[in-house]
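The following note sets out comments on the model below, as numbered points.

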Amino acid sequence: MSLRCLLSDELSNIAMQVRKLVGTKHPLLDTARGFVYDSRNNLQMRGLVVLLISKAAGPSTAELSFQHNMVSGIYSSQRSLAEITELIHTAFLVHRGIVNIGELKSCDGPLKDMQFGNKMAVLSGDFLLANACTSLAQLQNTKVVELISSAIGDLVQGIYYENSKSSEENCLTDDIGISTWKEQVFLSHSALLAKSCQAAMELAKHSAEIQDMAFQYGKHMSMSHKLHSDLQPFVKESSSDTVAFSLNSAPAVLHQEFLGREAWIKQIKEAQGKGNIMDYKKLQEAIKAGKGVTSAIDLCRCHGSRALAALERFPPSEARAALANIVYAVTRFP
Amino acid sequence: MAPFPLSRAQRPEGAAGGKAKQLPPARTSSRQPCERVAAAPGFRVRVAAVAEGGAGAARLGDTMALRWWWWRWCGAPSRRAPALGSLPRLRPPGPGCRSPPPPAPGAAVCHFTQRSSTFSFPKICNIFWRCSKTASDEKYQDPFQLGRKDLKNLYEDIKKELLVSTVELKEMCDYYFDGKGKAFRPMIVVLMARACNIHHNNSREVQASQRSVAIIAEMIHTASLVHDDVIDDANSRRGKMTVNQIWGERKAVLAGDFILSAASLALARIGNTTIISVLTQVIEDLVRGEFLQLGSKENENERFAHYLEKTFKKTASLIANSCKAVSILGCPDPKVHEIAYQYGKNVGIAFQLIDDVLDFTSCADHLGKPAAADLKLGLATGPVLFACRQFPEMNAMIMRRFSKPGDVERARKYVLQSDGVQQTTYLAQRYCHEATREISKLRPSPEREALIQLTEMVLMRDK
């Protein structure tokens, strides 16, 4: 995240206020903790990918008179775009952590704390978004603003689908097939990166073809990434304690498609048992027994190869190799 | 606040003039001072204009001083017990006025029934004065009528921008674009666009890009409203439930984000990077304004500056920058851009000041949202800050943001006992005057007059 943004008065104000949330159950606390402590998830992957693809595409070939400062093979505008992408991603991580006041129970703690947490979450998310918009305007490129604005719209719709599912009663899944799943995941997980990669190419005035290749890389790589993370609970070898997984993750959705909805619902009910508490271990076994897991792995690798195919259009370079390595990492299964 | 310096000619002298009797009958308690007012020489001319609806139109020059002086003597309830037993009978416009009566009298009458309406009587006279003036100079036009054609499909067009596949999300986004809002901001934008176009090359047409700016301004405004309602945990606005009340906070925040992204997309499609920069500034100011509201200042003087800065960022910046944007699109002269910006800024601040006043003087049903909301949120607005100078015991309450039980009620009483409301209104008038002064630098046109009229309407609104 941009240093300038981090050092701003507003964010330090927020940080002070968020401290008041310590001891409450508001999700914002987890999000904030994740930024500070959890370096594994805080890789700022999106920004990194945007930078790498900018470098891989090289200087603009179309307009020789195109003058911008280029540092380490990356234009300053592209650098700014990478920052913007991270800002937007973070803003929505924060906005995801809002609770519905009407659904709170007494075990969630005092209402005042939750309201306060909501207030902080909305404000900080808005602050990050406003910063992103301002930086976007400074790029002085209307096509890029259009692309990124539409990406934000996509992201909102994607998160909306996420929300709808998680608020379902009895953890029942939606009756969606894998193609619908892919559309929704594209919106919530891929659109931002894909369009940012394309925008990075636009900033350097690369051809429409290169822009499309960058888009394809971004899209397929992030789809693979999502599939990879969905598969983690199912491919880890030793797990004495089973972690809960989403019933709308890829393996589950594919499993439902193979098995048929009724049989799947039956399996869920069996796993729920008497007390309506989900026995995830049992359900996991059921899914592993079917074709869901292998299907998901295949799908992940399929997207991976499409990402690599898009990369072929870029000239060989260290940056391109790094991008390929990322694909290998997200398609690797034990 | 020092009273406006009055010239010798305007100070009250001597006995009642005969013309005073033709004014709308005032409350008995305030008849005498007004008769004295009527005797002042400069004033008599204007009264005559009102009474006869004749062509003796007075110049705008001394409006401010007169108005200030008028309600200090006639309208301020702190100086005499308000006798609200009877409504004033509104005199219909004189023969000189060819146009239908302005909508404001109805509003003024309704306002008059509220507890501490301080400016109804002067306002009513003012309406007729303006009516007669414009009748003699230009054809009187209700600003909302002038802009109606351009804004006819405003809300439909906004809904078209909100292309979203999910039915519920679309429902949430469309919720406030039902045509029941005041459409105040788009109105100003469209009128300013025409005024600038006329100033530049006498063209009365509004360009497509200028109309887009009006749409974008309204969308940004609505997105910020949706988020503000979540932040303030509000449950009603514009006479109906808020988005967060119906669909929950999570979805409400998403809806606000979506409207913002759609506005940003429409902005990009105009294809002008300057305009993008100007309007993006608004988004940043809106957020910073919210943050300013979070913090508070210890020092009394700092508090007022802080309040004005917050008011600019939260309300005036949108209007100022949208006016500036349409002026850039309509006219290449930077002086015109500055005029548009200053007009928007001054009107915007006045608008918010009156809003803060209405929070104290109006009742919830009429406003469409709960009253005394600012106090309950811990916010010290204009009337409170002025009242604090008369009642220093309010300082402690302000510092703890009215959090102790009973604070809100006590603060409200103090404000209504003090001249906080009047002072704030006076300040709003000064801003309106400044706005009028700025816009008068443009070439004359019905739109320019309408914009001047709009500043009056800002002062006279009651919801």
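Helices here are DSSP runs of H or I with at least four residues, and strands are runs of E with at least two, numbered from the N terminus. The model is predicted, and the points that follow should be read accordingly.

1. Chain A in outline. Chain A contains 14 helices and two strands. Of its 334 residues, 54% count as buried. The chain exposes about 15,400 Å², with carbon and sulfur atoms supplying 54% of that area. Among contacts in chain A between residues at least 6 apart in sequence, 76% connect residues at least 24 apart.

2. Extent of the interface. How many residues of chain B are in contact with chain A? There are 37, and they meet 39 residues of chain A. The size of an interface is often expressed as the accessible area lost when the parts come together. For chain B and chain A this amounts to about 3,600 Å² between them, 66% of it on carbon and sulfur atoms. Within the area that chain B buries against chain A, B:Arg250, B:Leu254 and B:Phe291 supply 19%, more than any other three residues.

3. Polar and charged pairs across the interface. Twelve residue pairs are in polar contact across the interface of chain B and chain A, both residues of each pair being at pLDDT 80 or more. The salt-bridge count between the two chains is one. A salt bridge joins the side chains of A:Glu146 and B:Arg269, with an N to O distance of 3.7 Å.

4. Origin of the chain B surface. Which helices of chain B each supply at least two residues of the side that touches chain A? They are α9 (167–174), α11 (208–232), α13 (249–270) and α14 (273–294). The largest share, twelve residues, comes from α13(B). By residue class, this side of chain B divides into 16 nonpolar, eleven polar and ten charged residues.

5. A salt bridge between distant parts of chain B. Over all chains the count comes to 25 salt bridges. In one of them, the side chains of B:Asp178 and B:Lys240 meet at 2.6 Å, N to O. B:Asp178 belongs to the loop between α9 and α10 (184–201) of chain B, whereas B:Lys240 belongs to strand β2 (residues 240–241), and the two are 62 residues apart. B:Asp178 is partly exposed, at a relative accessible area of 30%; B:Lys240 is also classed as partly exposed, at 24%.

6. A salt bridge within one helix. B:Lys313 and B:Glu309 form a salt bridge whose closest N and O atoms are 3.2 Å apart. Both lie in helix α15 (residues 300–330) of chain B, and because they are four residues apart, about one helical turn separates them. Is B:Lys313 buried or exposed? With a relative accessible area of 15%, B:Lys313 is buried, while B:Glu309 counts as partly exposed at 38%.

7. A salt-bridge network in chain B. The side chains of B:Lys441 and B:Glu438 meet in a salt bridge at 3.4 Å, N to O. Salt bridges that share partners join B:Glu434, B:Arg437, B:Glu438 and B:Lys441 into one network. B:Lys441 is partly exposed, with a relative accessible area of 46%, whereas B:Glu438 counts as buried at 8%.

8. A:His255 is placed in helix α10 (residues 250–259) of chain A. The residue is buried, since its relative accessible area of 3% falls under the 20% cut-off. Its side chain makes a polar contact of 2.9 Å with the side chain of A:Gln267. Leaving aside neighbours within four places in sequence, A:His255 is in contact with A:Trp264, A:Gln267, A:Ala286, A:Ile287, A:Gly290 and A:Gly292.

9. Backbone points to inspect. Most residues other than glycine have a negative phi. A:Lys205, which is not a glycine, has a positive phi of about 55 degrees. A:Lys205 sits in the loop between α8 (178–203) and α9 (208–235) of chain A and counts as partly exposed at 27% relative accessibility. Phi of B:Phe402 is likewise positive, near 55 degrees, in a residue other than glycine. B:Phe402 lies in the loop between α20 (394–399) and α21 (407–417) of chain B and is buried, with a relative accessible area of 5%.

Terms used
Residues numbered from 1 in each chain as written. Chains lettered and ligands numbered in written order. Predicted model: local features only at pLDDT ≥ 70, side-chain atom pairs only at ≥ 80, totals over all residues. Heavy atoms only, no water. Contact = heavy atoms within 4.5 Å. Buried area = accessible area lost by both parts, 1.4 Å probe. Salt bridge = Lys/Arg side-chain N within 4 Å of Asp/Glu carboxyl O. Polar contact = N/O pair within 3.5 Å; in protein donor to acceptor, adjacent residues only side chain to side chain. Nonpolar A, V, L, I, M, F, W, Y, C, P; charged D, E, K, R; others polar. Buried < 20%, exposed > 50% of the residue type's maximum accessible area, 1.4 Å probe, protein only. Areas by Shrake-Rupley, 256 points an atom, 1.4 Å probe, with all protein chains shown as cover.
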